[in-house]
Amino acid sequence: MISAEEARKIVVSNTPVFRSRTIPLREAHERILASDVRSKDDIPPFKNSSMDGFAVRSSDAAGADGNERIELPIQSEIAAGASSTQALRPNMAIRILTGAPLPEGADAVIPVEQVEEQNGSILFSI
């Protein structure tokens, strides 16, 4: 067995070094980027949910652990593409879909897979 450092040296010494050059975008198919491409603009220009779930205030979910479940009523739903949102009320949750704007007051999203829905409320533990 060889050491991690020896393995790294073998990999690096057998990795080809490519020359970089600037080409038109239409010729870039199946090419490798020489450096990261970054946008000068934030897209989207608002905080959004990266998953389907429930937007909550983390302080309202703080007591949830493996033994103690939290119950929060579902206030409403925000779909992806929504242009405006209502504020999240304390001790409530808002169903939120991937890409939807995070409502004012929410600072966390609980993934839908970690939630049990019952009678218009969510139950969860973290």
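Reply: **One residue and its surroundings**

V56 is a residue of strand 1, where strands (E, at least two residues) and helices (H or I, at least four) are DSSP runs numbered from the N terminus. The model is a predicted one, in which local features need pLDDT of at least 70 and side-chain atom pairs count only at pLDDT 80 or more, while totals for chains, interfaces and linings use all residues. Residues are numbered from 1 along each chain as its sequence is written, and side-chain values use heavy atoms, with hydrogens and water left out.

The relative accessible area of V56 is 1%, so V56 counts as buried; buried means under 20%, exposed over 50% and partly exposed in between, with a 1.4 Å probe and protein chains only. Setting aside residues up to four places away in sequence, V56 touches L72, L88, M92, A93, A106, D107, A108 and I110, contact being heavy atoms within 4.5 Å. T15 provides a contrast in position: T15 and V56 are 41 residues apart in sequence, and their C-alpha atoms are 47 Å apart in space.

One of the partners of V56 is L72, a residue of strand 2. L72 is also buried, at 2% relative accessibility. Residues up to four places away again left out, L72 touches V56, D60, N91, M92, A93, S121, I122 and F124. Between L72 and L123 there are 51 residues along the chain, yet 6.8 Å separates their C-alpha atoms.

V56 and L72 both belong to the largest nonpolar core, whose 11 residues also include F54, A61, A64, I70, A93, I110, V115, I122 and F124. Such a core is a set of buried Ala, Val, Leu, Ile, Met, Phe, Trp, Tyr and Cys residues joined through side-chain atoms within 4.5 Å. At least two residues of this core come from each of strand 1 (53-56), strand 2 (70-78) and strand 6 (121-124). I122 has contacts with F54, I70, E71, L72, I74, A93, V115, E116 and E117, neighbours within four places in sequence being excluded.

I78 is in strand 2 and is buried, with a relative accessible area of 5%.

Some backbone details deserve attention next. Most residues other than glycine have a negative phi, and most peptide bonds are trans. N91, which is among the contacts of L72, has a positive phi near 60 degrees. N91 belongs to the loop between strand 2 and strand 3 (93-96) and is partly exposed, with a relative accessible area of 45%.

The loop between helix 1 (4-13) and strand 1 contains P44, and the peptide bond joining I43 and P44 is cis, with omega about -5 degrees. E30 lies in the loop between helix 1 and strand 1, has a positive phi of about 65 degrees, and is exposed, with a relative accessible area of 74%. T22 has its place in the loop between helix 1 and strand 1 and is exposed at 81% relative accessibility. T22 and A34 are 12 residues apart in sequence, and their C-alpha atoms are 9.5 Å apart.

The view can now widen to the whole chain. Its secondary structure comprises 2 helices and 6 strands, in the order α-β-α-β-β-β-β-β along the sequence. The radius of gyration is 23 Å, well over the 14 Å that the globule rule gives for 126 residues, so the protein chain is more spread out than a compact globule; the radius is taken over C-alpha atoms, and the rule is 2.2 Å times the number of residues to the power 0.38. Along its principal axes, the C-alpha trace spans about 60 × 45 × 20 Å.

Of the 126 residues, 23% count as buried, V56 being one of them. Among contacts between residues at least 6 apart in sequence, 58% join residues at least 24 apart.
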